[in-house]
2 protein chains.
Amino acid sequence: MPPTAADGAAGRAVTIHDVATLAGVSPGTVSKAINGRGKLRPETRERVLDAARRLGFRPNEMARGLSSGRSFTVGLVTTDSVGRFSLPVLLGAEDALGAGRISVFLCDTRGDQIREQHYVRTLLDRRIDGLIVTGRRTDPRPPLRLPQPVPVVYALGPSTDPADVSLVTDDAEGARLVVAHLLATGRRRIAHLTGPEHHLAASVRAEHTVRALREAGVELSGGRVHFGSWDEAWGRQAARMALLADPAVDALFCGNDQIARGAADALREAGRRVPDEIALVGYDNWDVMAEACRPTLTTVDMNLAELGRTAALTLMDAIDGRPARGVRTVPCRLVVRDSTGVPTAQPRQRRAGDGG
Amino acid sequence: MPPTAADGAAGRAVTIHDVATLAGVSPGTVSKAINGRGKLRPETRERVLDAARRLGFRPNEMARGLSSGRSFTVGLVTTDSVGRFSLPVLLGAEDALGAGRISVFLCDTRGDQIREQHYVRTLLDRRIDGLIVTGRRTDPRPPLRLPQPVPVVYALGPSTDPADVSLVTDDAEGARLVVAHLLATGRRRIAHLTGPEHHLAASVRAEHTVRALREAGVELSGGRVHFGSWDEAWGRQAARMALLADPAVDALFCGNDQIARGAADALREAGRRVPDEIALVGYDNWDVMAEACRPTLTTVDMNLAELGRTAALTLMDAIDGRPARGVRTVPCRLVVRDSTGVPTAQPRQRRAGDGG
DNA sequence: AAAACTGGGGAAATCGGTTTCCTGCACGGC
DNA sequence: GCCGTGCAGGAAACCGATTTCCCCAGTTTT
């Protein structure tokens, strides 16, 4: 007795052979009917498809992959645990790949080289069609050691090998956007508070901030960038330093949203009104920080999901025989909220009991 | 010419047949040698293994899965996008599964029923051995509609079907831990500020908070739970309400870390010193909130990674023929930081410039 | 010395599809 | 009426492993 659509727990899964029997044709013909290959009478094709439908036939992807040589799977390797930055990239990639009927193997190496190597072997054993590697932020990483050549795309953290293709955020553009916005809203004494100088993200943003200001004929408030760490405590401290260095400072551009939030607290405690007396800008558009900040925070969104999507598309191109190389940037965008409101404007949406 | 370990880009992958040829045996014998099955002379086995090593042979997992009927893969479906809570669960599960030589397909349904159904079909087509489903928080969800029976474990958000097995956090224990800690450190007028009443997490924690207090012969400060939303703005507002309702309140137990953080800000602005005059407790142990809070926040850690690991182990048991059923809780733990320091103690670690 | 074991390893079926090659049939042209 | 043509679909090889079955040689048993 051949399985039926309603066999449920009872029988084994429906195979192409069952469909062939029901339709009164050979398995090969079923394959052709389903995949639209070969020459078949429309009537036959319809009969086969109907049989497949009646049995609830779903082709075994492992068997299919075995003969076709393509598994329609890719590996998603996050070298440095999945975090706040890699997660959106991951999801963006998974989204785009899913649309391309490709399934995703998730591998979290927790920053362990041994584990990374192990995962790569495992993925190759499963005959993945390609690999996406996300690293930490923008700092480059050595390329994956691959026993066999496989299409790879690096996302977020680029490969040090220029022959590889990498997708990164455009921190230079982000800094320029912020500076342009601050200048356009009338700020002239702009300070920059950011993370550790040895982080590429911090140094690149700082460099382009200074450059953009200089091109506009403006000098950095306080004369130097305040490098520190990425947390709120540093934001509070750095804001106080900036006020001390230049009491007339009228804007703080922070290297991330946490620093900005710390700065917001320090400014409030120092009695400086944001945005009336001083504007505040963050980076990352991390909703819980940007929305909880008082006032809500103007910040740069790096479009990480878009970066992930682009990485997936780039990978699919490479799998289809159109490889790419080099480092490519994904545009970011400025998200304007209350912390850079036009200075003369009154604070908007002052919620009951939400005293600044 | 058979492929060698160093064939790299040139040739096709090394197959069991290549190994057989090099070792001078049949493919079947190679399989036995590698998997430790059948009867082989030690000398033959060694010769085969050596040949495999020399060629860098790695068995094709798709072929292996086809004959064995097991794919050694599982699907990880997050019904409601991957977020702050589901991510640690995911990673914990992936960790445990990886240790069991099982690879993980990641599927993010973004809360879309259609997409969920699509993913389930796709995963079944790939002949996954089992499924883990993570939902949003503790609120139950209808079970997955499965065309074929497959082992499933629900994590974080339980299934409404008691025949399924679900793993959830132990919110009752969390509330009891907090109350016990507050009472033990001498607090007696304890208020509870939390999220929307219709969220199970909020109502369960509230219920057990009240119950634990009552069992200790203490009434809730203000006489009622302050339900609201999960954000900082509500935390600020609710804290002010709690102070108004009971000016002598000496502890605020908050339903999550964001509410607690908002409360911390409101308390500071109201001139109440934490923890000297009033203790503050959060829930979730979300590091960026708990560590950035002034003072650092005592909170409940739900052990979400552990929950994910347990879900994976439960699933592997089910796959091996030992199914489970019912809702199981994973113990949580209290993380004590400065916000509940013994009232008489001086604030510790007063960092330079970090005025409270 | 014949019969019965036993250990070692090969041949071939199998998993579930895909794809190539080939055949049978109907049709058209001469 | 015969031959070439083309269409529809079948047979079988193949993808890369696993596993059963079987055979052969050497050893033990009677």
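Mentor: Copies are superposed by least squares on the C-alpha atoms of residues with pLDDT of at least 70 in both. This is a predicted model, in which local features need pLDDT of at least 70, side-chain atom pairs count only at pLDDT 80 or more, and totals for chains, interfaces and linings use all residues. Residues are numbered from 1 along each chain as its sequence is written, while chains are lettered from A and ligands numbered from 1 in the order in which they are written.

Trainee: Which residue of chain B comes closest to the rotation axis?

Mentor: Chain B is superposed on chain A by a rotation of 180° with 0.0 Å of shift along its axis, at RMSD 0.1 Å. That is the relation of a two-fold axis. Of the residues of chain B, the one closest to the rotation axis, with its C-alpha at 2.3 Å, is B:Phe105.

Trainee: What percentage of the contact residues of chain B recur in chain A?

Mentor: Two residues are in contact if their C-beta atoms, placed from the backbone, lie within 7 Å. The same surface serves both copies, and the share of chain B contact residues that recur in chain A is 100%.

Trainee: How many residues of the side of chain B that touches chain A are charged?

Mentor: On chain B, 41 residues are in contact with 42 residues of chain A. Elements of chain B giving two or more residues to that side include helix 5 (86-99), strand 2 (103-108) and helix 6 (113-125); helices (H or I, at least four residues) and strands (E, at least two) are DSSP runs, numbered from the N terminus. Ala, Val, Leu, Ile, Met, Phe, Trp, Tyr, Cys and Pro count as nonpolar, Asp, Glu, Lys and Arg as charged, and the others, Gly among them, as polar. The side of chain B that touches chain A has 17 nonpolar and ten polar residues, and its charged residues number 14.

Trainee: Which helix supplies the largest share of the surface near DNA strand D?

Mentor: A residue is near a strand if its C-beta atom, placed from the backbone, lies within 6 Å of it. DNA strand D is surrounded by 30 residues, with A:Gly28 and B:Ser31 among the closest. The largest share, six residues, comes from helix 2 of chain B.

Trainee: And which helix supplies the largest share near DNA strand C?

Mentor: Among the nearest of the 31 residues around DNA strand C are A:Ile16 and B:Thr44. The surface there divides into eleven nonpolar, 14 polar and six charged residues. Its largest share, six residues, comes from helix 2 of chain A.
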